Amino acid sequence: MMRLPPIAGEWIDRAVPLTFSFEGHEVPGFRGDTISSALAAGGVRVVGRSFKYHRPRGLVSFANHDVNAMMQVEAGGRSIPNVRADVTPVEPGWRITAVNTRGGVANDRLAWLDRLARFLPVGFYYKAFHGKRLFPHWERMFRALTGLGRVDTTAPLRATAKRYDFCDVLVIGAGPSGLSAALAAAEGGADVLLVDENGAAGGSALYARGGATQPTAAVAALIGSVAAEARVRTLLGGCAAGYYADHWVPVVTGEAIVKVRARAVVLAQGASEQPAVFRGNDLPGVMLASAAQRLIYRYAVAPARRIAVLAANAEGYAAALDAQSHGIDVAAVLDLRSTVGPRTQVYRERLLQNGVRVLNCVRPVEAIGGAGGCVARLEFTAPSGLESVNIDGLWMSVGFAPLTGLLHQAGGTVRYDSGAEQFVLDSLPAGTYGCGKLTGAYTLAECIEDGREAGRAAAAELGNSGRREAGRRPAGAECSNHAFPVFRHPKGKEFIDFDEDLQIRDVENACQEGFDSSELLKRFSTMGMGPSQGKHSNLNALRVLARVRGESLEQHSLTTSRPMFHPVPMSHLAGRGFVPERRTPIDREHAVRGAVWMPAGNWRRPEYYARDGHTRAQAIAAEVGAVRGAVGLIDVGTLGKVEAFGPHAGEFLDRLYTGRFSNLKVGMTRYGLMVDETGVVIDDGVIARLGAECFYFTTTTGNSATLFREFGRLATWWGMPVGLVNLTGHFAAFNLAGPASRAVLAALTDLDLSDAAFPYLAAREAHVAGIACRLMRVGFVGELGYEIHVPAEFGVELWRVILQAGQSSGIRPFGVEAQRMLRLEKGHLIVGQDTDGVTNALEVDAAWAVKMDKPYFIGQRSLATLAQRPLRQTLVGFRLAAGGAQRPRESNLIIDGGRIAGRVTSIGVSPTLGHLIGLALVDPAVAAAGKLSLRVDSGAQITAEVVPTPFYDPLGEAQRRKEGA
Amino acid sequence: MSVVSVPARPLRRSPIDGGHGVAADLSFVREDMARPLPLDRTVVSDAAVVLKEMSWRRRFGLKGPAAESWLATHHFHVPSKANSWVVADGILVARLATSEFLVEALEAGQARVAVAARELYAHDRPLAVYPVPRQDLVVELQGPALNDLLRQTCSVDFAPPRGLRASDAGPLVLTSMIGVAVIAIPRELSGRRELTLWVDPSYAHYFWTTLLAVAVDLGGGVLLDQPHGAYGDHT
């Protein structure tokens, strides 16, 4: 048991003990413990296995940044993969296992992979996967041998509520510089949001105490001042995971993502401590000094009984004092440097007074494992020669890498400062500020002052584009970073990247193979691509890379950092899942009648109405039959519906469509075809003129929103004062079609429906069932028919009353599939189905709808050019016997002499005609031959006959049907 | 031909009538509009956050070069700037753009707005006035957790002091909420903040059910704006 007596400021609640299991063994803990701290307190030192070689691993960073402490947690009936044990508070009853083991973390049956390390060189994956033939084999094998946790595919859907937050100044990081910045910004009048991924404010000042029993009074005062400042809100346990344009920062909490919009952002995230690179640096028990300090002061856990500190800065000496003050035997402080600065000297003297052996000019040779593979001895060279020390813990304190990810995403830059031996701020984008370790400030006083300056600047420049000079490292400050804490060993196993088991030789070999820049090295070696995202490896890898190339670090740059800066649960990213769906006002009426739904754009529409004892095909055929033989009613409310007002409305439509509408008579309609600048068909609809300066027109369902925006843009672009009103959602619309439609409608209106008073293609405004409606007599499905448009609030009433009126005529609602067949029988094209992104108006035989003699319309010049050239393809009708076993489908190819000559665009069995009919876009020469060879799904080819369209009622008599006919 | 029973006065239907999983097939009528009765989600007025469906209010829209003068001629108070609103005599006039307006009767003023709407649609209106049908879903949001709900659903900060605190005039916001374009007007009435939203009716089902789900999660629900005795079966 490694739990220490109570420590001032500890995060655990000793009044609430708990137990959980790890790898089948019961482990005690307290409320407030993380999984890792409880395991460490329980004496568990091996917490995971490495990704590639399955080496035993212990806690390294204890900061949410390493792969070693990732767990599979069984809790509450759920199995949660890749839980970060370092930062996840443990709950009673959890059953926890390490990820990526075969047979458990203690006796992993894949540990033999470690012996194959020399056969798995850098870039091994790329080389192994190179051949296509063996790729499936390798893929299966590597998926089995490597990987992280297991996803529980039966887990219930969890709605995670994202939310927005707003502030004047967002301060990221609640260490001394962040606290100071927040306070200064608030004193400057700003509303401040202070976020920190830890559960308490204070940062490293709370645990890097140098043996003191309490954190320094200055930090305590700062925390108190921030807590008392009404203008500062503090969000703890939230990790700023990205930085997007206009100061949008997603903050990931345990439950959700908070999308913070700030007017200015202060980056005060501090730095990640970096490991030294030497043989055996990954043995359990070898850890960062800051990790050990966090275990001591936050969770009252002694990480070891006897330690050595491998140091290259004052922070390492302070950590040794922290260990001593909690009863941990410090065997030696092994300083890599030959001389030390004044900050170190203070701690050094105290350690010497306490009897600790302190050596300089030390080079680690090898950490050697003992029982369970944990560190038992360190061999090193000192000026006196090769030495060794017996230990059960080795703490590394050789330097830091500032967290620059968010800075890069914000558009800032860093440069390597050879005085500080780290990357420091170089430039900042407007509204972004940095302070603390990011600028090279390490002492408490430096951090507080630096933060104060940044906070003041952020508050003072709100709303302006002014920028603060990038921070400058205080002159003469003692360096906290070693220039090259990398020590090669002839036998290797000096790990740079713990996530991916990458060693010094991997970087060297990558360079030799030509991957000799940071970005190339990353992709070839996977350096920094694991769960820690390079927070502990990128800097050391860059150091080795620079040395191999014989260059200085100033000549190199860090790899691009992209959001998310930190891994985020998929459920957080998904959020609640807002997927807007549109419905017509008649939606419930369809549901009551057994509608089977289909998506149409972002609407839902009835595909057909299910009927007991009928198959889908039978139900659709019955709906088609009702329209052809009696009367049918379809909801076409999804069509785009637009009004254009003003004296220029006609001219505006002349420009939009290929046809002419400025001469359309009031009370009449006309088909409209729309093409783009290249002459490609993009939409069609019906345009009605309701008044001298008022047009009402429809667009296709899927295009309505896009086109309405485009109409507005074009009106502005052309400088035409046209009043455009989008009625798409505000009007219900039905099509009443069939021989009996006139009679059904007549029962509901006083409008004269005679052919003379309301002829084919006329439009009228009248009352139907007491409701003001717009009626258009159009041949939508090739029958006598009326399109009826009505304000949405009256849609249900009108739908019901029409169905009631048509009951004795055998009226039947019909869905989209019946509509498609009815229109196919008439040879009507569907834009987007019978056309594609390159089909022009001439290819679909729509020249009749194109008025080239107009002064201008969109696509006119292209169509004029295309008219001079032979057609590339043409839309033709074809027919087949219905009973064949091999039925073609839409998108089946048309083959001619072994080449692709076209494709089927629409096809179906016509209930009216009794055989298969379809449309195809095909080479005109092939179409002219009169036969099409269709290649069906089975690969067989069948022959169809090219026939003229319309297939049904070629003279159009049905839709022009007069009363009494 | 069937005998058709044509109602003397056609019933209007709320954009969410019958389409949002109501517990019973019941609705009630206000201003000739049938509205749903969500028995299972109804809360009291002091719940954390409440949704009130107010689509029944009479309203109309208009735009065009002469729209402002038409409103003035009909004695409506017109906001002087785009993206702002005024309430006078129980009638809200919102200026959505330089020459586009939304007029809605709040509690009072229903008849006056209905009459004006009829005149707007008459054939003798000025040519430079273009009627804009407004069949919107109208939702009022209130309650102490209002801000929590908004922060889950909209990227605009409506919290004071940015969100305005006025009862008779202020700015309006044209934005999107849960992926749907809305007109949003924040007001403060008797010290209580509320936000009114106008939404395209084709999104009504999605918008209402989604917003209600968020509200329920926050301890809220639907607040009926009419006594239970007024309900009946109008389906």
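In which loop of chain A is A:Thr526 found? In this predicted model, A:Thr526 sits in the loop between α12 (518–525) and α13 of chain A. Its phi is near 65°, a positive value in a residue other than glycine. Most residues other than glycine have a negative phi, and most peptide bonds are trans. A:Thr526 counts as buried because its relative accessibility is 16%, and the limit for buried is under 20%.

Chain B has a residue with a positive phi as well. B:Glu31, which is not a glycine, has a phi near 50°. B:Glu31 lies in the loop between β2 (27–30) and β3 (33–36) of chain B. With a relative accessible area of 30%, B:Glu31 is partly exposed.

Cis peptide bonds are found in chain A. One joins A:Pro563 and A:Met564, with omega about -5°; A:Met564 belongs to the loop between α13 (538–549) and α14 (570–574) of chain A. Another cis bond joins A:Thr949 and A:Pro950, with omega about 0°. A:Pro950 is found in the segment after β47 (941–947) of chain A.

For the layout of chain A, the domain assignment gives domain 1 (13–118), domain 2 (163–272 + 401–460), domain 3 (275–398), domain 4 (495–559), domain 5 (635–822) and domain 6 (870–953). The centres of domain 5 of chain A and domain 6 of chain A, taken over C-alpha atoms, are separated by 32 Å.

An open sheet of chain A has five strands with parallel pairing, in the order β15-β22-β16-β17-β18. The edge strands are β15 (286–288) and β18 (357–359) of chain A; each has a single partner strand, so one side of each is left without a neighbour in the sheet. From one strand to the next the twist averages 20°. Strand β17 (residues 329–335) of chain A pairs with β18(A) in the parallel sense over three bridges, and A:Leu334 stands opposite A:Leu359 in β18(A). Helix α7 (residues 314–325) of chain A packs on this sheet, where it touches β16 (306–311), β17, β18 and β22 (393–397) of chain A. The direction of helix α7 makes about 175° with that of β17(A).

A:Arg348 is found in helix α8 (residues 342–353) of chain A. What is the nearest side chain of opposite charge to A:Arg348? It is A:Asp335, 5.6 Å away. A salt bridge needs a side-chain nitrogen of Lys or Arg within 4 Å of a carboxyl oxygen of Asp or Glu. A:Arg348 is therefore buried without a salt bridge. Not counting residues up to four places away in sequence, A:Arg348 touches A:Tyr317, A:Val340, A:Val358 and A:Asn360.

Further along chain A, strand β33 (residues 669–675) is mostly covered, with five of its seven residues buried. β33(A) pairs with strand β34 (residues 681–691) of chain A in the antiparallel sense over seven bridges, and A:Leu673 has A:Asp684 as its bridge partner in β34(A). The hairpin of these strands has five residues between them, and A:Gly679 takes a positive phi near 85° there. A:Leu761, in the loop between α19 (741–746) and β38 (763–768) of chain A, is in contact with A:Met668, A:Thr669 and A:Arg777, leaving aside its neighbours within four places in sequence. A:Leu761 is partly exposed, with a relative accessible area of 30%.

Chain B has an open sheet of six strands with mixed pairing, in the order β12-β13-β14-β10-β4-β15. At its edges stand β12 (173–177) and β15 (221–222) of chain B; each has a single partner strand, so one side of each is left without a neighbour in the sheet. Helix α3 (residues 146–153) of chain B packs on the sheet and touches β10 (137–142), β12 and β14 of chain B; its direction makes about 35° with that of β14(B). Strand β13 (residues 180–189) of chain B runs antiparallel to strand β14 (residues 192–199) of chain B, with eight bridges joining them. B:Pro186 stands opposite B:Leu195 in β14(B). Helix α4 (residues 204–217) of chain B lies across β4 (50–53), β10, β12, β13, β14 and β15 of chain B, and runs at about 155° to β4(B).

B:Leu96 lies in strand β7 (residues 91–97) of chain B and is buried, with a relative accessible area of 9%. Leaving aside its neighbours within four places in sequence, B:Leu96 is in contact with B:Asn83, B:Leu102, B:Arg134, B:Leu172, B:Leu174 and B:Ile183.

Methods:
Residues numbered from 1 in each chain as written. Chains lettered and ligands numbered in written order. Predicted model: local features only at pLDDT ≥ 70, side-chain atom pairs only at ≥ 80, totals over all residues. Heavy atoms only, no water. Helix = DSSP H or I, 4+ residues; strand = E, 2+ residues; numbered from the N terminus. Buried < 20%, exposed > 50% of the residue type's maximum accessible area, 1.4 Å probe, protein only. Lys, Arg positive; Asp, Glu negative; His and termini not counted. Contact = heavy atoms within 4.5 Å. Domains from an automatic or database assignment. Pairing = 2+ DSSP bridges. Axes fitted to C-alpha atoms, helices over the stretch in contact; angles between N-to-C directions.
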